Amino acid sequence: MGLVFALATVILAAPPFMLSKGTFVGVFTSDGKQISFPAPTGERWVSYEQVQRELLFRGWKPPLTTSQMAELAKGLEADFAVDVLIATLKVGKKWQALVAMRVVSAQLGEIVHLAQTKTEVSNPEALQQVVEQILPALLVKLPSQVPLATVQLCESKKRVHLTAANGKWGKGVNLLFFRTSGAQITILGKGRVVSASLVPGGNRWILEADLLGSEISLRSGDKAVQIFGMPKPFARWQ
């Protein structure tokens with residue numbers, strides 16, 4: 001109990017990781033066909049024309065892998081890249097459309113936000129209508145920041161304790177650890193949350209995580225962000 005109290009009071013959790021400027025890659029089916037949808041516009045977005053020019057310059061045909069999306073965003077001096085993938089699934093005698101919107105961090109090279117939704121469809125080929133109905137709401141909910149956790153204590157080579165002051169955390173959440181020095185970010189490795197407790201009376205989390213890999217060296221003050229894997233129908237673009 002004393003350990004938990006110390007973790008809750010010694011170091012404040014990290015400020016959120018900002019997602020200010022983005023690139024929209026497009027909307028695609030699970031077999032890679034593009035679905036027409038107007039790209040979002042405004043100060044937050046790199047113009048769709050610039051995105052298309054960058055893809056042409058690199059010789060890339062979307063859908064892209066996660067690492068390609070990160071490189072694309074970097075090349076366009078953006079913080080993140082977004083795409084939307086859609087698949088139809090047979091559930092009993094009915095059809096469902098699975099829609100997944102992933103947000104890839106340019107600096108971290110990982111999926112830092114993944115929004116998924118399912119909806120029943122009468123015609124498995126009518127995906128254009130599904131996109132027009134669902135995607136605007138997903139884009140409205142696109143986060144402007146990603147919650148971070150801060151390493152407080154390394155219990156052993158495999159177990160660390162962290163705190164977080166925002167977001168939703170739970171057992172089984174995958175983590176990417178990194179270290180910041182000014183504007184420079186160093187990727188340290190990955191882990192998985194094994195215990196998550198919300199401190200009563202606020203949005204303050206006490207976390208324990210196991211490190212995945214023997215070569216990870218962490219210290220107090222290092223940061224961690226939640227990362228996500230693509231749903232099975234879209235795994236080829238992970």
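Strand E5, residues 94–105, pairs with E6 in the antiparallel sense, and ten bridges join the two in this predicted model. Within this pairing, Ala-100 stands opposite Gln-116 of E6.

Helix H4, residues 127–140, packs on the sheet to which these strands belong. H4 touches E2, E3, E4 (80–91), E5 and E6. The direction of H4 makes about 40° with that of E5.

The sheet itself is open and has five strands, in the order E3-E2-E4-E5-E6, with mixed pairing. Its edges are strand E3, residues 34–35, and strand E6, residues 111–121. Each of these two has a single partner strand, so one side of each is left without a neighbour in the sheet.

A further helix lies at the E3 end of the order. Helix H2, residues 48–58, lies across E2 (22–29) and E3. H2 runs at about 75° to E2.

H2 also packs against another helix, H3, which spans residues 66–75. The angle between H2 and H3 is about 115°, and their axes are 10 Å apart. The crossing of the two helices is right-handed. On the H2 side, the contact is made by Val-51, Glu-54, Leu-55 and Arg-58. H3 contributes Glu-71, Leu-72 and Gly-75. By class, the residues of this contact divide into three nonpolar, three charged and one polar.

Notes. Residues numbered from 1 in each chain as written. Predicted model: local features only at pLDDT ≥ 70, side-chain atom pairs only at ≥ 80, totals over all residues. Heavy atoms only, no water. Pairing = 2+ DSSP bridges. Helix = DSSP H or I, 4+ residues; strand = E, 2+ residues; numbered from the N terminus. Contact = heavy atoms within 4.5 Å. Axes fitted to C-alpha atoms, helices over the stretch in contact; angles between N-to-C directions. Left-handed = near helix turned anticlockwise from the far one by under 90°. Nonpolar A, V, L, I, M, F, W, Y, C, P; charged D, E, K, R; others polar.
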